Amino acid sequence: MSTKPTSVAVLGTLADFHREPIAYNLSALVRLVEDLQPDLLCLDMTSDEWARRDFAGLPLEYREALVPLAAQTDIVVVPVADERPIAEPELQGVRAAIGGKLRQTLAYLQRSAPSPAAINQGLRHHVANHLYEVLAGLHGRHLRTSAKAHAHRLAGNVVQAVRRDPGRRVLVVVNVRFCHYLRQTLRSYADLDVVRYSEL
Amino acid sequence: MDGRVSVTRVVVIAQASLLREAWKALLSMQPGIEVAGDAGSPEALAARALPGGGCVLVDAQTGATADLVGRLSRLPREWHALVLVDASQTSQIVELLRAGAFGVVSRGSSVAELVSGLVAAGRGEIVIPSAIAAEVLTQLLDDASTGVDRPASLSSREAEVLHLLAQGLTNKLMAQQLLLSVRTVEAHLRAIYDKLGVTSRTEAVLWAVRHGYARGG
């Protein structure tokens, strides 16, 4: 239908912190996505979760902000996960102490972010990404490999969604830990134009 | 920033002023909705000659639907009526659609269902509960003449869209089911209209029902 590369933006969110849910104003995220009005909104959930409307295991920003917004607008939700990423096991000893500090820092980054934009650009974005990498490192190789495989599957399904409906405006909203890998992978496809969300 | 979806303008018709205020307060908080006004009756709205068009949410009092049927035709053509009904009764819905309503929404619906119904009706789509859509459309067929009765060479995607259209789905619901954008579904619908030789959604739906597209599978 269209020969022009399809615009895809990846927006990272940072609302759920494993065992440490924090107070977070989701209205800013709703306003941001409402303003962008993407044609397709790719979310890290499985087709089964979407079909069953089973959002219990999904992040707060999906349950409370993006799914309700899509229900009331022309935004079409595309579930792009094949399965849920594996849960992080409990850390023990020194690793647990370091992990706790890292989560506190991530929570601080979230609390102190003035807007969803802040977590998607500049130093805060890179710091969050590295903290997640260190956290994954604390859990060992298996978790890191699994997270990477999950991001790889997300990317594959985003590409499929784009190829099913080329030329549309596609927004991918995932946890910030998958952003870098996802953007990098999506950039390798010639029919996709990975842009900043503000340029979508 | 092309392709941004415009807001749907909504006018509320309800006899009681408190009810109108409540509806306006609720709807004004919803994304993609702009409350353009309110009126106590279809006649009052017609007399006001509101510019532009959009959707009219008609909240008829319980049991007053029969009275409403004869008065819907007084609404300005650019304003498409979506009627709140107590229950999804086929005969009542058929009567309302024949009288000029673009759809109905049950009082038991969620806010999200209501809002998507308003958006769809505002665009000129027919809004019917999908569970009884085929039945409603078949009844409408009894007294409608589409003037079309020829097979068409539809692509498999267009056939899928037509199948969903015949089940009474709105463009958004079709798009969500097929994981396509609403704009792509609209493009498929335009192609379908061309191939079927019809000029409106209603004609396309009737063609689809007549040719068995409303059946499951």
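Student: Over how many bridges do β1(B) and strand β2 of chain B pair?
Tutor: This is a predicted model, where local features need pLDDT of at least 70, side-chain atom pairs count only at pLDDT 80 or more, and totals for chains, interfaces and linings use all residues. Residues are numbered from 1 along each chain as its sequence is written, with chains lettered from A and ligands numbered from 1 in the order in which they are written. Strands here are DSSP runs of E, at least two residues, numbered from the N terminus, and two of them pair if DSSP finds at least two bridges between them. β1(B) (residues 8-14) runs parallel to β2(B) (residues 33-39), and the bridges number six.

Student: Which residue in β2(B) is the bridge partner of B:Val12?
Tutor: B:Val12 belongs to the set pointing one way from β1(B), along with B:Thr8, B:Val10 and B:Ala14. Across in β2(B), its bridge partner is B:Asp38.

Student: Are the residues of β1(B) buried or exposed?
Tutor: A residue is buried if 20 or more other C-beta atoms (placed from the backbone) lie within 10 Å of its own, exposed if 12 or fewer, and partly exposed in between. By that count, seven of the seven residues in β1(B) are buried.

Student: Which element gives the most to the side of chain A that touches chain B?
Tutor: Contact means C-beta atoms, placed from the backbone, within 7 Å, and 18 residues of chain A touch 18 of chain B that way. With four residues, the top contributor on chain A's side is α3(A).

Conventions:
Contact = placed C-beta atoms within 7 Å.
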